[in-house]
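Q: I would like to go through this structure with you. Could we begin with the chain as a whole and then turn to details?

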Amino acid sequence: MSRIQKTTGVVLSVIKYSDSSKIANIYTKEFGRISLMVKGGRQKQSKSGMIIDPLNVVDIVFYHQPTREIQILGEAILVHHFPKLRTDFDCLKYGLATVELVARITIEHEVNSRMFHGLSRILERIDLQTEDPFISFLRFYIFILEETGFELNLSECALCNEEIKTTPLGFTWQQGIIC
């Protein structure tokens, strides 16, 4: 039996499906990464179809049925669309890289509210252009590594296991950070 659910999410990707519909991959606050069918979403008069676009933060209402892989979208309301992010090519590049990273690294239906908030915040940082978008992306990449259990050790040398006290550091692919 379907239950009506409401949540907030970031649209990760959209693909065309049939002549008039599309399927959206959305990372949500309460349900993790989900796939939604946007029926009639490719038609020009579709309000939900225009709102469901990669990088948008949306409030969605959908019909959740646990036995289905793809849920059905009922309604979508735009929360934020990051206008500056879409006009600067570097910002757009790193914004799309961020959502692609989340789409590939997360498991469907695995809830992680820190990941959702981190994703929302990094898109806002890139949109506000307070720093180089590459630096913002690296911050998010390190956050993702920590969140998934692959935290980098930047405090000690990989060769001698001593605390790194000098400023010039080296890096090798075989060992990692070295003094």
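Q: Among contacts between residues at least 6 apart in sequence, what percentage join residues at least 24 apart?
A: The model is a predicted one. In its protein chain, 54% of the contacts between residues at least 6 apart in sequence join residues at least 24 apart.

Q: How many helices and strands does the secondary structure come to?
A: The protein chain has five helices and seven strands. Along the sequence, their pattern reads β-β-β-α-β-β-α-α-α-α-β-β.

Q: And what does the C-alpha trace span along its principal axes?
A: The C-alpha trace spans about 60 × 40 × 25 Å.

Q: What share of the residues is buried?
A: Of the 179 residues in the protein chain, 41% are buried. The chain exposes about 10,900 Å², and carbon and sulfur atoms supply 54% of that area.

Q: Turning to the helices, at what angle do the axes of H4 and H5 cross?
A: The axes of helix H4 (residues 113-128) and helix H5 (residues 133-147) cross at roughly 175° and come within 9 Å. An angle over 145 degrees counts as roughly antiparallel, and H4 and H5 are therefore roughly antiparallel to each other.

Q: Which residues meet there?
A: On the H4 side they are Arg114, Met115, Gly118, Leu119, Ile122, Arg125 and Ile126. These meet Pro133, Ser136, Arg139, Phe140, Phe143, Ile144 and Glu147 in H5.

Q: How do the residues of that contact divide into nonpolar, polar and charged?
A: The contact of H4 with H5 has eight nonpolar, two polar and four charged residues.

Q: A change of topic: where is Gln5 found?
A: Gln5 is in strand E1, which covers residues 3-17.

Q: Is Gln5 buried or exposed?
A: Gln5 counts as buried because its relative accessibility is 16%, and the cut-off for buried is under 20%.

Q: What is Gln5 in contact with, leaving aside its neighbours within four places in sequence?
A: Gln5 is then in contact with Phe31, Ile60, Val61, Phe62 and His64.

Q: Next, the cysteines. How many disulfides does the structure hold?
A: The structure holds zero disulfides. A disulfide is a covalent bond between the sulfur atoms of two cysteines.

Q: What is the relative accessibility of Cys91?
A: Cys91 has a relative accessibility of 2%, so it counts as buried.

Q: What about the relative accessible area of Cys160?
A: For Cys160 the value is 38%, which means that Cys160 is partly exposed.

Technical notes
Residues are numbered from 1 along each chain as its sequence is written. This is a predicted model: local features need pLDDT of at least 70, side-chain atom pairs count only at pLDDT 80 or more; totals for chains, interfaces and linings use all residues. Side-chain values use heavy atoms; hydrogens and water are left out. A disulfide is a pair of cysteine sulfur atoms within 2.5 Å. Buried means under 20% relative accessible area, exposed over 50%, partly exposed in between (1.4 Å probe, protein chains only). Helices (H or I, at least four residues) and strands (E, at least two) are DSSP runs, numbered from the N terminus. Contact means heavy atoms within 4.5 Å. Axes are lines fitted to C-alpha atoms, for helices over the stretch in contact, and angles run from 0 to 180 degrees between N-to-C directions. Angles under 35 degrees count as roughly parallel, over 145 as roughly antiparallel, 65 to 115 as roughly perpendicular and the rest as oblique. Ala, Val, Leu, Ile, Met, Phe, Trp, Tyr, Cys and Pro count as nonpolar, Asp, Glu, Lys and Arg as charged, and the others, Gly among them, as polar. Accessible areas come from the Shrake-Rupley method with a 1.4 Å probe; for residues, only the protein chains shown count as cover.
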